[in-house]
Amino acid sequence: MKLYHYSVDSYQDAKHLTNDYKNNYQFAEPFILALRESRDVFDAVFYAAMYMSREVKALGLRKYENYQKDAVEGIFEYVRETEFPKDTSRLRCVYYCETEKEALAYAQEDCFSDGLFTKDQVVLLEVEVEDCSIRRYDQSYYNRALEAIKSHKIDSVFAYARAYYSGQRSEDPLIEVAADGRNIVLRAIEY
C-alpha cells in the first residue's frame with residue numbers, strides 16, 4: 001500500500017525507512033520498567049525525570065523538556081504490552097499518512113508552525129508499506145494524553161492509551177497510520 005511519511009533531518013536517500021530510527025524506545029524505557037514494578041515506582045521515575053530534564057534544558061543541552069512525552073510513550077507502550085500485545089508499538093514503527101496532502105499538513109503543524117525546522121530539513125516521501133503491518137489509530141487520544149500529563153493526571157493517560165489501542169474514534173478523529181513491517185521508499189516529493 002502506498003503511504004506518505006515526512007522525515008525531519010533523518011532521511012539520507014535510503015531504500016527503506018527504519019522503525020524507531022531515532023531510538024525513542026530508550027527514552028520511554030525507564031517509564032515502562034517502572035510501571036512493571038508499580039505505580040509508585042513510576043511516580044518516582046516521573047519526578048526524577050522532571051528534575052533531570054529541567055537541568056539539561058537549563059544547561060542549554062536541549063531546547064525543551066521531553067520527560068512528559070517520554071512518560072506518555074512509556075504509559076502507552078505499557079498498556080499496549082499488557083492489554084493489546086498484538087498491536088503495533090508506537091516506539092517501534094514508522095508513522096505514515098494516507099495522502100500526500102495529509103502528510104504535508106502534519107509536517108506544517110509539527111515542524112514549521114513553531115519555527116523549529118525549515119523546509120530544507122523536512123523531506124516528504126512516498127513509501128510502499130507491507131499491508132499486514134499497518135494499523136490506524138486516533139492520534140487525538142495521544143494528544144489528549146500529552147495535555148493530561150502536564151496536569152499530572154496520570155490515570156487519564158492510561159484511559160487515553162486504552163481508547164487509542166482499542167480503536168475508538170473521538171468526535172474529531174486525527175488518524176495516524178503506524179506500521180512496523182517492511183517498506184520501500186518510492187520517491188521524495190517536491191513541495
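Reader: How many helices and strands are there in the chain?

Author: This is a predicted model, in which local features need pLDDT of at least 70, side-chain atom pairs count only at pLDDT 80 or more, and totals for chains, interfaces and linings use all residues. Residues are numbered from 1 along each chain as its sequence is written, and side-chain values use heavy atoms, with hydrogens and water left out. Helices (H or I, at least four residues) and strands (E, at least two) are DSSP runs, numbered from the N terminus. Counted in this way, the chain holds six helices and six strands.

Reader: In what order do the strands of the open sheet lie?

Author: Two strands pair if DSSP finds at least two bridges between them. Seven bridges join β1 to β3 (residues 122–129), and these two strands run antiparallel. The edge strands, each pairing on one side only, are β1 (2–8) and β6 (183–189). The order of the three strands is therefore β1-β3-β6.

Reader: Which residue is the bridge partner of Tyr4 in β3?

Author: Strand β3 covers residues 122–129 and is joined to β1. Within β3, the bridge partner of Tyr4 is Glu126.

Reader: What percentage of the residues of the chain count as buried?

Author: A residue is called buried under 20% relative accessible area, exposed over 50%, and partly exposed in between, using a 1.4 Å probe and protein chains only. Of the 191 residues in the chain, the share that counts as buried is 43%.
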